[in-house]
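Take a moment to look over the sequence and the fold. Then follow the chain step by step.

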Amino acid sequence: MTVAATGIRFSFPGNEVLKGIDLHLHETQIVCIVGPNGSGKSTFVKCVEGLLVPSSGTVLLGEDDASTLSRAEIARRIGYVPQSSNPLFSMSVFDTVLMGRQPHFGWRCSDADIDIVADVLQMMELADLGMHNYSNLSGGQQQRVL
């Protein structure tokens, strides 16, 4: 799936952060957004993800305008990992990763979802931590889980 952001503008009260940003990504691309602290990198990603609404510009996920998609549909297409997170309750690593599958299964997961989580934990070299409490992991391990 391609992701295309065109003319993205966003302001916090009294501070225009994004001034017409364009980005076009193809399915196989890996991209880094680099800049000094406070320059709008996270704000831009949140606009693409739909967590913030740009004052102008468009975001296309594939052929679809992201502004017309539900949060669940956006979550099925792209994921967002915040810079930091403070878990509100205790969960295992396995359950934390499974929670990321929720947009794909609704309220009940299938055996296929369980298999996908097991495969992801193996791929991320986290299988041995699957039943550990997410809150007890180091910061780096938590980022890998997310």
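Predicted model: local features only at pLDDT ≥ 70, side-chain atom pairs only at ≥ 80, totals over all residues.

Start with the overall build. The chain has six helices and four strands. Read from the N terminus, the elements run β-β-α-β-β-α-α-α-α-α. The C-alpha trace spans about 45 × 30 × 25 Å along its principal axes. Of the 146 residues, 26% count as buried.

Now consider contacts along the sequence. Take those between residues at least 6 apart in sequence. Of these, 53% join residues at least 24 apart. Charges come next. The chain has 10 positive and 15 negative charges. Their mean positions lie 9 Å apart.

Strand β1 covers residues 3–12, and strand β2 covers residues 15–25. The two strands pair in the antiparallel sense, over eight bridges. Valine 3 shows the pairing: it stands opposite leucine 25 in β2. The hairpin of β1 and β2 has two residues between the strands. Look there for glycine 14, which takes a positive phi near 75 degrees.

Next, turn to the aromatic rings. The structure holds one aromatic pair. It is formed by phenylalanine 10 and phenylalanine 12, whose ring centres are 4.9 Å apart. How do their planes meet? They stand at 80 degrees, so the pair is edge-to-face; the cut-off for that label is over 60 degrees. Buried or exposed, how does phenylalanine 10 count? Phenylalanine 10 has 9% relative accessibility, so this residue counts as buried. The limit for buried is under 20%. Phenylalanine 12 is partly exposed, because its relative accessible area is 37%.

Finish near the other end of the chain. Where does glutamine 142 sit? Its place is in helix α6, which covers residues 139–145. Glutamine 142 has a relative accessible area of 15%, so this residue is buried. Which residues does glutamine 142 touch, leaving out those up to four places away in sequence? The answer is Tyr134, Ser135 and Leu137.

Conventions:
Residues numbered from 1 in each chain as written. Heavy atoms only, no water. Pairing = 2+ DSSP bridges. Phe/Tyr/Trp six-rings, centres within 6.5 Å; stacked < 30°, edge-to-face > 60°. Buried < 20%, exposed > 50% of the residue type's maximum accessible area, 1.4 Å probe, protein only. Contact = heavy atoms within 4.5 Å. Lys, Arg positive; Asp, Glu negative; His and termini not counted. Charge placed at Lys NZ, Arg CZ, Asp CG, Glu CD.
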